[in-house]
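Reader: I am new to this structure. Please take me through it in plain terms.

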Amino acid sequence: YSYTNSRTSNSNVQISIMTVITLIGASPLCGTHLTTAAIGTFVGGQNIIGSTGLETLGATDINLVSYLCLLWLSLIVSWIWSYVMNSSLRILDGCAGRLGTTTFFGMNVVMLTVWGPLQVVDWNRYYYGLVHVIHVAEEDSSVQLASAWSWTEEAELAIGYVLAVLWLGVVAGATRIFHHRYVQQWHQNKSSLDSPNLSQPPAPLNNILVPVLLSLLSILVVNATQYRHAPGLYNGFAVGAYVAMASLQKIPTVFKFFTVSIVAAGWGLTLTPFFVGFAGKSGFTSMLGHVTHIAIETLIVQLRQKRRRQQQQRQRQQQQQQQSQVQPRLTESQSSQLQQEEVNIQKSPQLSQQPQQPQQLSPSHHHSRKHHKPKEAFYTKQQRLQHQRQQLEPQKQPQQQTTPLHHRAWSAEPKAGDGVWQHPLEEDDENENHVV
């Protein structure tokens, strides 16, 4: 389709790609092979072998060699895709532009091994925009070297390209997200109601066909306006559509589709002078945007974790410093307390020997000058008697120790103070005799 319409002034590779994918996706027989068919459209969408003729319109001829080169490129890309699908490494699984990146990699392999050495394609296609005049984000338009370059025109085209990428990336991504939520809600309602009379579940949207349809619709609308820089907008629609094809597990929110689309648009503007006409360049651009976005997110997370670790380390250091400052203070206070106790112990015997003098209050203290009688301890009657006994016991002990105990039964000899034992009747007789 691109070869057939290459000499018409209104043809565009992106229109060819989106149209073929839409036709294949609408066919009931080819719906299950839409992924591999999309890769085939990317292979046929290369702009190197006479598809547009950038230098002079229609300067190259389409012949059998061109189709043989396309066939060889298709075989190489299909072999790479089969390896990617069957590999246990899950290369770029779920990333945006995975199909286009596979095609772009196969394109470089063919370019380096066959097309370049055989001079089928000039090597300057790797840096074509540096030696020729190409508008920003445009690869399909023929620009003469004598044409004037205007920064306002380039800025207008760059802004239009970024808006085109954002439009397709956000709208197509939001459509997929909302439909996916609707399907999940339907299944939740069915499981909660458990009713067999519910209608059939809604069919899931194809992650390739929905962005392609929105891209084709946008291209047709812009084409009807006959905007002079429409090819740049077409490339923007293609990059946004490939961003919207990413897995919802990788890009789960609309805001994330927005940020990934911005990064992909930046890569698209940067790669404008390089790899001009390469198959799968738009998909490779969207993949770079997605991978760069993941790298930026990872870097931000690591910086936040590093910042938290630094804050925790600072807090630990501050706590350690506070503890190290508190410990000397405690030791100083303890030593001062010990010294004060030693001084008090030394002063206590001196104070016990000296009579206590009443303390004179300084006039600065507003205390009462009345004599306060010291409070006496309160004792019960039993405690008072016990206290008196304890005071009397030390006085009785020395008196008892002065007179040694002696009993007359201990020895036969009488001691001083001991008389001869007599019967009481004998004592009475003696008393009567004294009286007489």
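Reader: In which hand does α8 pass α9?
Author: The crossing of α8 past α9 is right-handed. A crossing is called right-handed if the near helix is turned clockwise from the far one by less than a right angle, and left-handed if anticlockwise. Helices here are DSSP runs of H or I with at least four residues, strands are runs of E with at least two, and both are numbered from the N terminus.

Reader: Before going on, what kind of model is this?
Author: It is a predicted model, in which local features need pLDDT of at least 70 and side-chain atom pairs count only at pLDDT 80 or more, while totals for chains, interfaces and linings use all residues. Residues are numbered from 1 along each chain as its sequence is written, and side-chain values use heavy atoms, leaving out hydrogens and water.

Reader: Back to that pair: at what angle do α8 and α9 pack?
Author: α8 and α9 (residues 254–270) pack at about 140 degrees, and their axes are 10 Å apart. Axes are lines fitted to C-alpha atoms, for helices over the stretch in contact, and the angle between N-to-C directions runs from 0 to 180 degrees. The two helices are therefore oblique to each other. Under 35 degrees counts as roughly parallel, over 145 as roughly antiparallel, 65 to 115 as roughly perpendicular, and the rest as oblique.

Reader: Which residues of α8 and α9 meet?
Author: On the α8 side they are Val239, Val243 and Ala244, and on the α9 side Phe257, Val260, Ser261 and Ala264. By class, this contact has six nonpolar residues, one polar and no charged. Contact means heavy atoms within 4.5 Å. Ala, Val, Leu, Ile, Met, Phe, Trp, Tyr, Cys and Pro count as nonpolar, Asp, Glu, Lys and Arg as charged, and the others, Gly among them, as polar.

Reader: And how do α2 and α3 pack?
Author: α2 (residues 34–44) and α3 (residues 64–86) pack at about 140 degrees, with axes 10 Å apart. That pair is therefore oblique, and α2 passes α3 in a right-handed crossing. Thr35, Thr36, Ile39 and Val43 of α2 meet Leu70, Leu73, Ser74, Val77 and Trp81 of α3. The contact is made up of six nonpolar, three polar and no charged residues.

Reader: What about α1 and α2, at what angle do they pack?
Author: α1 and α2 pack at about 160 degrees, their axes 9 Å apart. This makes α1 roughly antiparallel to α2, and the crossing is again right-handed. Ile17, Val20, Ile21, Ile24 and Gly25 of α1 make the contact with Leu34, Ala37, Ala38, Thr41 and Phe42 of α2. Eight of these residues are nonpolar, two are polar and none is charged.

Reader: New topic. How many residues has the largest nonpolar core?
Author: It has 48 residues, and those with the most contacts inside it are Ile21, Trp115 and Phe237. Elements giving two or more residues to it include α1 (13–26), α4 (98–115), α6 (151–193) and α10 (281–353). Apart from it lies another core, of 14 residues, among them Phe257, Val260, Ala264 and Ala265. A nonpolar core is a set of buried Ala, Val, Leu, Ile, Met, Phe, Trp, Tyr and Cys residues joined through side-chain atoms within 4.5 Å. Buried means under 20% relative accessible area, exposed over 50% and partly exposed in between, with a 1.4 Å probe and protein chains only.

Reader: Is Gly106 buried or exposed?
Author: Gly106 counts as buried because its relative accessibility is 0%. It sits in α4, where, leaving aside neighbours within four places in sequence, Gly106 is in contact with Leu73, Ile76, Val77 and Ile80. Gly106 and Val43 are 63 residues apart in sequence and 9.2 Å apart in space, C-alpha to C-alpha.

Reader: And where is Gln119 found?
Author: Gln119 is in the loop between α4 and α5 (128–131). Its phi is near 60 degrees, a positive value in a residue other than glycine. Most residues other than glycine have a negative phi. Gln119 counts as exposed, at 72% relative accessibility.

Reader: Finally, how many helices and strands does the chain have?
Author: The chain has 12 helices and zero strands. Buried residues make up 34% of its 436 residues.
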